[in-house]
Amino acid sequence: AQDSCAHQCGERLGTCSCQPTCQSLKTCCPDYTEFCLQISPYSGSLMGGKAFLIENTVFAASSKITCRFKQEIKTRGYSAQDGSAHCISPLLYETGFIPFDVSTDDGVTFPYSGTWLSVHHSKVSEGEKCTLVNETKWQYYGTPNTDGNLTLTWTQQALTETHVNIEVWGYQETGDSYSENWSAKWKYLYTLAKKIPNNGKFSFIPVPAEGSYSTWDFGILRITPSSYPDGQSNVPSVWSSDHALAWHLGQDFRNDPKKWATAKCVEWEKKEEKLPDFMEEIIDCPCTLAQARADTGRFHTDYGCDIEKGSVCTYHPGAVHCVRAIQASPRYAAGQQCCYDRTGAQILTHDSTGGSTPDRGHDWGSPPFLKPPRVPGFSHWLYDVISFYYCCLWSDNCHVYMKKRSSSDCRTYRPPRAASAFGDPHFLTFDGLNFTFKGHGEYTLVESDLTSLRVQGRTQQVHFPNGTGAQVTRLSAVAMQEDNSDVIEVRYLNNYLQVLLNQKVLNFSEQSWLDLKGLFLHSTPDQNVTVMFSSGSGVEIRGSGGFLTLTVLLPEKFTNHTQGLFGVMNGNMEDDYTFRNKTTMSVHASPQQVFEFGANWAVENGTSLFTYDTESLLNNFFYGEKHNASFLPVFIPYEDPADPLVKDMVSLCDSDPFCRFDVLTTRNLQVGNSTRRSHENHKLLVENLKPDTSLLLVISCGWLGHPTNGTKNGTNYLLGSTITFTCDKGYELTGAKERTCQVTGTWSGETPSC
């Protein structure tokens, strides 16, 4: 009997395969496309209620379809007249790829399976949500000068029925903070409007909600077809953005919003006093804007204040750019935020309300999600956002908020180290050694015993513009994993980057940011892929002109814990040519010796992270040698003064040795140009990350306050900065009139008093 993919998707069976690679290898079981589901759309908000089509299987119109997510959450599916089957996504308290299976016999057996991508509610496209027209008005409704109509709009095609209901839902977390019984729940509160026409617009004059509902101050609206009972979960829905429910709060709020909010702010402060101090375990901020933008393994642009998008920083006046720490802190799942002014200096809340505020709940949540404080987006709203409304936006108690959410400075920040590979591979190690290795095969670029990080590179032969093979190679694919994380592979195919997740090709048409197992993955429209592992290590990959450029960033804790072509990261390049058996070779070794060093780091077959999904990959890399010993590259290209290319090369490359090398060996100026750019980018990155730039910016002495009855002048607390002090009229100054930040990280002079 032929093997079947029923209940077996992702497995390799005796006679055939149900793995994603089976299609290109032509080894699929005959029923692979029947049981292993392709869906469209493949992603939606974690709030659920989105219908998706099962593309590759037709079910009988009479089928009773049940969709089951994570083996436990069931939703009702439906079969259209044409036999196309649809599932409804459920409300989930987590983000990432969620396995689901499908039953056509009313939930008896579930032989069909696939994955659904659950996305942070603020990362889904605007068209998927209903829109709170003038959202600020909704969130300030009932405060002075804010009244009148509120309007909600939506795409009417999103729901098929003629009439809809609009419901109000609230979010709460109950139980003891940071204990086992702490839990999160979205709860249906009441229906705002029943059986209204599905015409895409609804306006109303809000009134305080009845009874205890008016005490819910953070929530969301849901539009559903009127045929469903009120509040039924996991039915087709369109959700609004999550927001502060000022518009439905009780009469006590409307009578005196400041008084109401002040009481809430004081109550929040008291609650905070009883909670553990999360500030101790969050990562310190980078000292400068340049460092913050360069440390891509640990920090990512905060979309609320982005220099690339014109620095619209509503919550951080005076800032031009903010970043957020990618990983939540280990114990309390807290988040860090760092904001910078136009001089590149960090803005602290002690000096300005535009300063960065850390978060008790990381906005993106953190694995394993599901429970507070790790629920994506919503835990953060409860501890850090609604409290900002109480203290800063609805009343004048912002000093209370800033005291509990004061900026971290950069005194303990240590920049990561960077290593790169580009062109016909030139390698720049973490410690600054550079060499060229043109082996043909698969090699370990870096591995670490600290977190079981492995980054492997595949090189293939370069071709001349006329199509014949050149005696050099290029980086064509990179694969990586840390500990037992998902495996990511990035390949260069016909001028675009193809990304594989656990051997399956990823599609970025709906989402450019993915929360995966042990890592986050981000792909930009111009084809830069960044992988951010949970240890804080980052891998950046760019493609240009047929060649991959790779950069690996490792935090300081990896010191003396790396090996491979990128060397031993320890600040000393003398030991960067370390072989597998721990012997080393002089940094002045000949190109032939460097070639032997590179060959020593060929990947062993059992440890390869690569996917072999074509005949040629199987033959050349899987069954063939991992290092092709018969491929002998050009070691030192000959520069012939009579060669017409040399003149152009000199004007393009100037003194860049890598650029000159690549023009001569590939006979292609474009290749040389992309090598030159990659080399310049690497030098700039290293410069930006340096802790001791010529400005010596990056020793911080920490914040200095003004004396009582006096003022201070200056808000820069980095090495060489001076702060001056003056006393108010009628007071005399004792101690230092000015204090300067010294190399030791301490301030000169005595503390002044008036």
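Into which domains is the protein divided? The assignment, whose bounds come from an automatic or database source, gives domain 1 (37-119), domain 2 (130-255), domain 3 (257-404), domain 4 (417-635) and domain 5 (699-753). The model is a predicted one, in which local features need pLDDT of at least 70 and side-chain atom pairs count only at pLDDT 80 or more, whereas totals for chains, interfaces and linings use all residues. Residues are numbered from 1 along each chain as its sequence is written, and side-chain values use heavy atoms, with hydrogens and water left out.

Domain 1 and domain 3 have centres that lie 37 Å from each other, taken over C-alpha atoms. Between them, six residues of domain 1 are in contact with five residues of domain 3, contact meaning heavy atoms within 4.5 Å. The area buried between domain 1 and domain 3 is about 520 Å², and carbon and sulfur atoms give 74% of this area; buried area is the accessible area (1.4 Å probe) that two parts lose on being put together, summed over both. Zero salt bridges are counted between domain 1 and domain 3, where a salt bridge is a side-chain nitrogen of Lys or Arg within 4 Å of a carboxyl oxygen of Asp or Glu.

Strands of a sheet pair through backbone hydrogen bonds, either parallel or antiparallel. Here strands (E, at least two residues) and helices (H or I, at least four residues) are DSSP runs numbered from the N terminus, and two strands pair if DSSP finds at least two bridges between them. Two bridges connect β6 with strand β7 (residues 84-88) in the antiparallel sense, and Y78 stands opposite H86 in β7.

Another open sheet contains three strands, in the order β18-β19-β20, and its pairing is antiparallel. Because β18 (299-301) and β20 (337-340) stand at the edges with a single partner strand each, one side of each is left without a neighbour in the sheet. β18 is joined by three bridges to the antiparallel strand β19 (residues 321-325), in which A325 is the bridge partner of F299.

UniProt, in an unreviewed entry, lists "domain: VWFD" at residues 417-609; such annotations may be inferred rather than shown by experiment. Over residues 417-609 the chain is 5% helix and 46% strand, with its end C-alpha atoms 24 Å apart.
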